[in-house]
Amino acid sequence: MLKLKKPSNLVLKAIKSRHSFMYAVNLRSISLLVFALWSLNSFAQITGIPASIPFPTSVGRPATTNSTGTKNSASRKVTEIAAEKNEQDSLKRKKDLALNDVDTNIVNLRKRIFGYSIFNNSKITFDSYARMATPKNYVLGPDDEIIIDINGYSESHATLPVSPDGNIKVDRVGNIFVSGLTIEEAKKRIVNRLSQIYVGLKASGGAPANTTATISLGNIRTIRVTVIGEVIAPGTYAVPSLAKVFNVLYQAGGPNENGTFREIKVIRGKKLVAKVDLYDLLTTGNLRQDIALQDQDIIQVTPYKSRIEISGRVKKPAIFEILPGENLEMIINDYAGGFLPEAYKGVLKVTRFTDKERKLIDLSGDILASFFPKSGDFITVDQILFNRFENAINLKGAIFRPGRYSLNDNPTLTKLIKRADGFKEDAFLERITIVRLKDDLTKENISINYREILSGAIPDVILKREDEVSVYSGIEMMETYTVRIQGEINLIAREKLAEKFASGSTSVGALPSNSETPSVGTFPYVKNMTVEDLIVKAGGLKESAATGRVEVIRRKKNIWKDDPSQITPTIGEKFQFGINPDLSISPSASKFILEPFDEVFVRSSPNYERQQFISIDGQVIFPGVYALERKDEKLLDVIKRAGGLNAQAYPAGATLIRKVRLTDQEVERKSRQIQDLSDNNTETSLQVEPIKQVYEESIGIDLVDVLENENSKSNMLLQDGDILRIPKEPQTVRMQGEVLYPTSTRFIDGASFKHYISESGGFTSLSSRKRSYVIYANGSVDRTRKLLGLINVYPKINPGSEIVVPRINQKQVASQQVLGIISTITASLTGIGTIIALMRAIQ
């Protein structure tokens with residue numbers, strides 16, 4: 001087995017010295033190149049490449065030690081050191097800076113260039129060195145590794161690096177020079193030298209070879225390739241020796257907005273070895289021009305020579321670089337992907353630069369193969385007219401299949417109707433209209449009686465392009481017929497209500513009855529409908545319905561009578577009749593047939609009444625809820641039914657609470673009256689609660705008089721919802737309002753109004769004494785009166801009374817103060833006048 005020796009320190013020093021020399025030479029070359037680019041700073045600004053981007057320099061070639069590799073090259077690695085890795089990271093950062101350090105206009109321009117995206121797509125990579133097979137024309141060089149496997153009669157394995165001198169050192173064989181040889185040439189030389197040691201590698205003496213030698217490439221070396229010119233990130237890139245042109249261009253970001261895609265040059269040893277056309281890869285996917293690179297190769301991307309832009313209805317609109325001899329037909333088909341289906345190929349718009357201005361060329365689609373674009377041409381492919389058809393006619397209305405139809409297949413009106421599966425049942429055939437576009441682009445209307453075409457009275461109509469045929473519906477032309485019913489019906493959603501109501505409502509001003517709004521339903525009119533049919537649609541009759549008195553109001557229909565002399569004051573006809581209560585079809589059912597817009601009224605039976613209830617609270621023998629037996633039942637009647645008053649009852653304080661229900665109109669009217677009163681009254685301020693539609697109010701009654709006299713006017717009729725409250729005899733009197741100490745005090749029989757005011761501390765300075773009043777226990781109120789306009793006569797106080805002293809208005813206070821001052825001044829002046837008169841009399 002071959003054994004590889006570790007290089008001595010002396011050899012390593014020599015290698016490092018050699019690398020240092022190469023580093024200095026490369027640094028000097030790169031520095032000259034950077035200086036040249038710095039002098040062309042203006043050009044760098046035009047191309048969008050920052051002038052401050054330096055070109056990375058080469059680094060020393062690393063020394064490779066022996067290793068025990070595997071028998072295949074699937075795990076091939078690129079030989080590099082930390083400095084080279086840092087260099088690659090630096091290039092990547094500079095590439096990112098070059099992409100970011102451009103303005104928006106340049107970015108948008110780059111995106112429109114055909115092929116630019118392939119070099120700026122993070123999902124695309126050309127790095128596949130470790131898995132690719134070794135090309136037969138691969139040229140060996142220093143730092144490559146050669147794997148030698150000997151199998152058969154003899155067994156041996158060795159992984160040998162190529163030294164800087166280009167040799168591999170094989171145990172017991174010595175140095176074998178392989179640098180500059182292809183892998184195939186190196187295999188022959190190595191096997192030939194090994195056959196001197198392993199005699200079984202060659203047949204001899206008629207005996208076949210019993211040993212085989214396999215020579216393969218292990219780890220590969222790093223080479224340096226310089227990318228110059230119009231690329232995103234120019235520089236020197238350290239890449240594997242298997243790298244090709246596309247690998248390095250991808251790392252450099254590809255051509256920039258000024259770089260060529262068609263003539264990328266590969267320079268090797270001052271000689272042009274290849275010209276690469278990237279469009280070959282972009283259009284065919286063929287990598288035949290992707291040649292292998294060698295150390296110190298230069299990739300030069302020169303500025304483009306000719307570009308055009310194609311926009312509009314092509315599959316790949318972009319900016320394309322063209323070569324001499326490429327016609328527009330080939331450019332559109334091969335590069336732009338061809339026309340879209342909706343493209344208008346008749347005329348293409350070409351905008352071209354001249355020496356002074358621009359000009360427009362209308363290019364016929366028939367001569368694309370003979371048209372050779374010039375640099376700067378802007379070619380627009382328009383869209384066909386989507387809103388127009390060359391042979392379309394439009395059919396709509398009361399037909400089974402409306403829509404657009406071909407004029408070629410339906411040249412006449414009858415054929416068009418037949419193609420659309422004919423008319424619907426409601427079609428109005430007496431007038432079909434055709435809207436036609438005339439030659440001067442104005443429209444004309446053509447009306448046709450289709451029944452006359454069917455009878456042969458008139459010929460069939462010849463249709464033209466863009467004709468619009470309308471077939472009207474007879475039902476849609478009719479007014480929406482409805483009938484309405486209201487009153488004592490169970491209005492439910494058994495039948496769909498009409499969407500359109502007849503004008504003029506018959507339910508205006510309807511008063512609430514038993515907290516229920518009258519039921520009103522509007523239904524579509526159906527021919528031969530009777531009143532019973534309409535009631536069934538509405539949900540049937542209520543229990544309260546008066547079936548013997550049904551009214552129908554029919555509008556006046558003086559059709560075709562336009563003579564003013566026939567005008568009468570009649571606006572409707574009234575029909576009154578009875579119906580069968582069970583709504584069955586029988587001889588007793590009405591035979592009244594309804595007509596459109598009839599109004600049906602089902603009245604409530606005059607003898608029908610729902611149960612009504614009142615409540616008695618307080619000091620009676622049997623308090624509770626009582627049902628009214630008669631409409632004329634009064635207070636005394638219900639008290640007798642409750643067993644009369646008990647011993648603790650205070651009839652003078654009995655109160656009747658009644659629920660009041662207001663209509664919407666009454667609520668609105670009361671609110672408006674209060675608002676008007678508040679606006680007109682400037683002397684006092686009113687604070688009132690919002691008007692409620694349903695509220696309770698207390699009615700003062702004289703139950704003492706009712707108990708003493710059955711025929712007393714205080715014996716009121718009761719209503720549904722009334723509450724009669726009979727309290728115990730109260731023992732207090734309450735004082736509130738503008739008194740010094742509002743309080744309650746013990747009732748003293750015979751005590752006056754002022755006695756109780758004194759019990760509360762007396763009046764305040766803001767008390768309005770003349771407007772004081774008393775609220776009695778039964779809810780009644782009595783006010784203060786004036787005797788001879790001078791003396792206040794206060795109300796009588798009973799048990800349970802509540803004395804209220806209101807506050808005087810602030811304006812009245814000011815007026816009284818002014819009057820007081822005037823009275824004082826007047827009195828003073830009068831006194832002075834009297835004194836003067838006396839003095840004169842004495843004299």
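Just after helix α12, glycine 539 adopts a positive phi of about 110 degrees. The model described here is predicted. Helix α12 itself spans residues 531–538, and its buried residues are Val531, Glu532, Leu534, Ile535 and Ala538. These residues lie on the same side of α12, because the arc they cover around the axis is only 160 degrees. The cover over the buried residues of α12 includes the strands β21 (482–487), β22 (519–524), β23 (545–555), β24 (572–577) and β25 (599–604).

Elsewhere in the chain, an open sheet is built from 5 strands in the order β7-β6-β10-β8-β9, and its pairing is mixed. The edges are taken by β7 (235–240) and β9 (271–276); each has a single partner strand, so one side of each is left without a neighbour in the sheet. From one strand to the next, the twist averages 25 degrees. Within this order, β8 (residues 264–268) pairs with β10 (residues 298–301) in the antiparallel sense, over 3 bridges. Isoleucine 267 is placed opposite isoleucine 298 of β10.

A further set of pairings involves strand β31. Strands of a sheet pair through backbone hydrogen bonds, in either a parallel or an antiparallel manner. Strand β31 (residues 732–737) runs antiparallel to β32 (residues 743–746), to which 4 bridges join it. The two strands β31 and β32 form a hairpin, with 5 residues between them. Methionine 735 has threonine 743, in β32, as its bridge partner. Strand β31 is also joined by 4 bridges to β37 (residues 802–805), and these two strands run parallel. Here the bridge partner of arginine 734 is glutamate 802 in β37.

Key
Residues are numbered from 1 along each chain as its sequence is written. This is a predicted model: local features need pLDDT of at least 70, side-chain atom pairs count only at pLDDT 80 or more; totals for chains, interfaces and linings use all residues. Side-chain values use heavy atoms; hydrogens and water are left out. Two strands pair if DSSP finds at least two bridges between them. Axes are lines fitted to C-alpha atoms, for helices over the stretch in contact, and angles run from 0 to 180 degrees between N-to-C directions. Buried means under 20% relative accessible area, exposed over 50%, partly exposed in between (1.4 Å probe, protein chains only). The arc is that of the directions from the helix axis to the C-beta atoms. Contact means heavy atoms within 4.5 Å.
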